[in-house]
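User: Hey, I'm new to this one. Can you walk me through it?

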Amino acid sequence: MSRHRHIHTCVLRLLLVCVAASSSGSVRVSAPRAVSPLEATSRERGISPLLGWLDRRLARWRRRNRPKRIILVRHGESIGNVNSSAYSSTPDSQISLTERGFEQGTACGREIRRLVGNGSVRFYYSPYLRVRQTLLAILQAFEGQPVEIASEPRLREQDFGNFQDPLSMSRLREDRMKFGRFFFRFPNGEAGTDVFDRVSDFISTLFAHFDSGERRRTADNCVLMTHGLLMRIFSMCYFHWTVSEFEQVWNPSNCEICGETGRYGE
């Protein structure tokens, strides 16, 4: 049962007790009795306006507490982007940015700062080296402005299966196109379905944080520092794309920014 449905049930029980008390002048605890459909319908009609009021209050509270923007950012150009053989000797998680990748990160930081102004910002980032380096480049634009940062392993790249032999990976990518990019599983690695599951779990965690009711207010801007496939999978989960729609979309460019303005989750 969802939290809001649980609240509605508790309110309904409380209102029924109040109705009984107001009609008799006291509250009596007795064995439950059968309620006719007509009587139940009559009670529901009296309570529905109150539940509607509660729904509206909860909706206004969510709008106030959720961020104005969720911004997705892909890492800058990496050594693996320009030389795929790097993956055969260096773990994917340790692939570094190129010099151009650092420059892209710096420019991306200026663009994000222009977009958010002096609003509060919380960065969630993949623990892969190229993403952390991109984040450091972006943060130059926020010098003197407090920001929140949090490592999030669920935003990591799709696992392609440890060290990647270029010839084997070329054949596997051909097979993936035939099999379907979303369902194909790399040997010793992940399928797109696995990434979908962990991204869905992350989104649940993210909105649970937004709606937790903590005293500390959610940041105005939520920035997700991640990878190209993860940006597409996040959009698929969030906007409820079909598999066919997902497979028509390709990775954004390095340090490309995707996002919309508005209170999320309405």
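This is a predicted model: local features need pLDDT of at least 70, side-chain atom pairs count only at pLDDT 80 or more; totals for chains, interfaces and linings use all residues.

User: Where does UniProt place the feature "active site"?

Analyst: The UniProt record, an unreviewed entry, puts that feature at H75 and E157. They are spread over 83 residues of sequence, yet they cluster in space, with a largest C-alpha distance of 10.7 Å.

User: OK, H75 then. Where is H75 found?

Analyst: H75 sits in the loop that runs between β1 (69-74) and α3 (79-82).

User: Is H75 buried or exposed?

Analyst: H75 is buried, because its relative accessible area is 2%, and the cut-off for buried is under 20%.

User: And what does H75 touch?

Analyst: Leaving out residues up to four places away in sequence, H75 touches N81, R130, V131, T134, T226, H227, N254 and C255. With R130 there is also a polar contact between the side chains, at 3.4 Å.

User: Now E157. What is the place of E157?

Analyst: E157 is in a loop too, the one between β3 (148-151) and α6 (166-179). E157 has a relative accessible area of 11%, so it counts as buried.

User: Which residues does E157 touch?

Analyst: Not counting residues up to four places away in sequence, the list for E157 is D92, S126, Y128, R130, E190, R198, H227, L229 and L230. R130 and H227 turn up for E157 and also among the residues that H75 touches.

User: Changing topic: where does D220 lie?

Analyst: D220 is in the loop between α7 (192-210) and β4 (221-226). At a relative accessible area of 14%, D220 is buried. Its contacts, apart from neighbours within four places in sequence, are P67, K68, R69, G119 and S120.

User: What about cysteines? How many disulfides does a search of the whole structure find?

Analyst: The search turns up 0 disulfides.

User: Remind me what a disulfide is?

Analyst: It's a covalent bond between the sulfur atoms of two cysteines.

User: Is C255 buried or exposed?

Analyst: C255 is buried, at 9% relative accessibility. C255 is also one of the residues that H75 touches.

User: And C237, buried or exposed?

Analyst: C237 is buried, with a relative accessible area of 12%.

Methods
Residues are numbered from 1 along each chain as its sequence is written. Side-chain values use heavy atoms; hydrogens and water are left out. UniProt positions are given in the numbering used here, feature names are shortened, and annotations may be inferred rather than shown by experiment. Helices (H or I, at least four residues) and strands (E, at least two) are DSSP runs, numbered from the N terminus. Buried means under 20% relative accessible area, exposed over 50%, partly exposed in between (1.4 Å probe, protein chains only). Contact means heavy atoms within 4.5 Å. A polar contact is a pair of N or O atoms within 3.5 Å; within protein, one must be able to donate a hydrogen and the other to accept it, and residues adjacent in sequence count only if both atoms are side-chain atoms. A disulfide is a pair of cysteine sulfur atoms within 2.5 Å.
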